[in-house]
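Keep the structure open as you read.

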Amino acid sequence: MESLDNIQEAFLAIGTEKFAEVVDFYRQFLGQDPNPYNPTKYAEFRIQGLRLAIFYPKSDHKKEFSQVGGSAFSLCLAVKDLDSAIAHLQNLGYSPTTEIQTASHGREIYVYDPAHNRLILYQTD
């Protein structure tokens with residue numbers, strides 16, 4: 001099997017017309033300000049070596065990012081204390097959409113950001 005050996009970096013990008021709302025969600029959830037940040041089109045957060053970029057789609061690409069109700073990805077975040085992470089989300093006005101579930105890797109919950117992207121928060125045993 002051949003591999004692409006010239007990849008230098010990878011990051012996750014969320015394109016959304018709810019730009020300000022999504023940036024504010026991650027700002028509060030992660031407890032950090034985006035950097036770099038352009039308040040009308042781009043914000044970037046760093047999470048344990050992962051770059052999470054949020055951008056406002058260009059006008060000729062808006063249809064591509066306007067689907068409601070489904071997620072193109074799941075952002076999986078390991079947390080030290082799932083119960084305190086749930087409490088933090090609830091303080092921000094976002095409740096998990098599932099009860100705490102037990103998976104092979106530990107306890108987990110699902111929550112959705114304002115653009116309906118799924119976050120899976122889990123705590124290993």
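Start with E44, which is buried at 4% relative accessibility. Buried means under 20% relative accessible area, exposed over 50%, and partly exposed in between, using a 1.4 Å probe and protein chains only. This is a predicted model: local features need pLDDT of at least 70, side-chain atom pairs count only at pLDDT 80 or more, and totals for chains, interfaces and linings use all residues. Residues are numbered from 1 along each chain as its sequence is written, and side-chain values use heavy atoms, with hydrogens and water left out.

E44 and R46 meet at 3.2 Å, N to O. For E44 and R51, the closest N and O atoms are 3.1 Å apart. Both E44 and R51 are buried.

Now move to R107 and D83. Their side chains form a salt bridge at 3.1 Å, N to O. R107 lies in strand β7 (residues 106-112) and D83 in helix α2 (residues 82-91), so the pair ties together parts that are 24 residues apart in sequence. R107 is partly exposed at 23% relative accessible area. D83 is also partly exposed, at 43%. The count of salt bridges comes to four.

Step back to the fold. The chain has two helices and eight strands. Both are DSSP runs numbered from the N terminus: helices are H or I, at least four residues, and strands are E, at least two. Their order along the sequence is β-α-β-β-β-β-α-β-β-β. Of the 125 residues, 33% count as buried.
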